[in-house]
Amino acid sequence: MPSESIQNIVLTTDLSEDSKKAYPYALSLATVYKARLTIISCIDTSLGYSPSSAGILEGAPLYINEGLAEAREHVLTDVRQHASDYFKDLAPQCEVREAPYEVQNQLVEFINDGQFDLVIVASHGRTGVSRALLGSVAEYVLRHARIPALIVPCRE
């Protein structure tokens, strides 16, 4: 693939240790291709299934406990810290979006509306019941993004 074909990379993160496993790939590819890097994280503000409350629908904890503006600023600060810690030479753009519907839908909307050439997503590798209940963000992005996706498995 010629280097001019990858000019803008988007990296998704939920700021977890698992999602950090995709960071070296983003750094390497952005460096090799001299590409711009955008890091995106989403705040789940949708109503969702909560296994801890016997299947009752409830608001996302960040939305209820902190207030959306405060939660957004907190997450943006964390994303910027990750950018500084892991990508300081690249000066990536940092984005935080509220997801009033499923996070994976918000991510794909952002990816498809942008001018990106590659998306990098860490996969938590959930299987069975947890995957059925929580879904697979990585799989959804892979199936619905209009650009190539690099899925980084988090399992050892």
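## Order of helices and strands

Going along the sequence, the protein chain runs β-α-β-β-β-α-α-β-α-β-α-α-β. That makes 6 helices and 7 strands, taken as DSSP runs numbered from the N terminus (helices are H or I, at least four residues; strands are E, at least two).

This is a predicted model, where local features need pLDDT of at least 70 and side-chain atom pairs count only at pLDDT 80 or more, while totals for chains, interfaces and linings use all residues. Residues are numbered from 1 along each chain as its sequence is written, and side-chain values use heavy atoms, with hydrogens and water left out.

## What's inside

Of the chain's 156 residues, 39% are buried, meaning under 20% relative accessible area with a 1.4 Å probe, protein chains only. Nonpolar side chains in soluble globular proteins tend to be buried together.

## Cysteines and contacts

A search of the whole structure turns up 0 disulfides (cysteine sulfur pairs within 2.5 Å). Cys42 is buried at 17% relative accessible area, and Cys94 is buried too, at 18%.

As for contacts (heavy atoms within 4.5 Å), 76% of those in the protein chain with a separation of 6 or more link residues 24 or more positions apart.

Note on methods
Buried < 20%, exposed > 50% of the residue type's maximum accessible area, 1.4 Å probe, protein only.
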